[in-house]
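Let's take a walk through this structure together. Please have the sequence and the 3D view at hand as you read.

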Amino acid sequence: MTFLIQLLMVGIAQHVLIAQCSSLIIGIMSACCQIRALKIKLEDLNEQINDPAVKPDTVHESLGEIIYLHASTKDYIRLLQRKAAIVYLSVFVTCGGIVCSCLNVIAEDLFNSANALMLAGTFSVLVHCFFGNTLLIENDSLPDAIYAIDWYKLPLADQKAFKFLLANAQPDAALHGILMPLNMGTFISIMKGAFSYYSILSKEKAK
């Protein structure tokens, strides 16, 4: 029975999840690159603010481009979340099932082929949590990059726009698999649960 469950899990992972998960990981990397590009534009804006040769209209246009880019990035992350929620839930359920099934086998015999399958399932969860955590870190550093600009040298109208940009950059850009966020904290929780499950199985087998 355990073998059939493993076979079903592997079949789902190979034919359904791999392509979708790969595209979503690329999407997360793209979102991180957009945030980094936004930080570069902020640095360029700061140079324009402190350059007397640059006209205020040019600075205003650059600020408008940054606001537009930030809004587009947030829309992209929201789209990614809507597309990814079900897929990431499937990843957690499938890989969790693979790990639990393998632990049932490993509890009886520590050295067998189930170790490789369990490591593959664990690695899949790790990769998704890692990239989700990377996006979270990139976005968390954005408000600091915005506030580091010499915004007080801008005209009053641009300062107000800058204030809205800073406020809009505050919320986290965390991705969620419906039941749990996609970050390293979730991965650690899953590993703790797997270890507890293995400990219980080992004690039961030892009786």
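Cysteine 32 counts as buried, with a relative accessibility of 4%; here buried means under 20% relative accessible area, exposed over 50%, and partly exposed in between, with a 1.4 Å probe and protein chains only. Cysteine 129 counts as buried too, at 0% relative accessibility. The structure holds 0 disulfides, a disulfide being a pair of cysteine sulfur atoms within 2.5 Å. For cysteine 32, the nearest cysteine sulfur belongs to cysteine 33 and is 6.9 Å away.

A word on what you are looking at: this is a predicted model, where local features need pLDDT of at least 70 and side-chain atom pairs count only at pLDDT 80 or more, while totals for chains, interfaces and linings use all residues. Residues are numbered from 1 along each chain as its sequence is written, and side-chain values use heavy atoms, leaving out hydrogens and water.

Next, find threonine 73 in helix 2 (residues 56–106); helices are DSSP runs of H or I with at least four residues, numbered from the N terminus. Threonine 73 is buried, at 2% relative accessible area. Isoleucine 35 is 38 residues from threonine 73 in sequence, yet their C-alpha atoms are 7.2 Å apart. Leaving aside residues up to four places away in sequence, threonine 73 touches Ala31, Gln34 and Ile35, where contact means heavy atoms within 4.5 Å.

Finally, move to helix 5, which spans residues 156–168. Its buried residues are Asp158, Phe162 and Leu165. They lie on the same side of helix 5 because they cover an arc of only 55° around the axis, taken from the directions from the helix axis to the C-beta atoms. The face turned away from that buried side carries the exposed residues Leu156, Ala157, Lys160, Lys163 and Phe164.

Notes
Helices (H or I, at least four residues) and strands (E, at least two) are DSSP runs, numbered from the N terminus. The expected span of a helix is 1.5 Å times one less than its number of residues.
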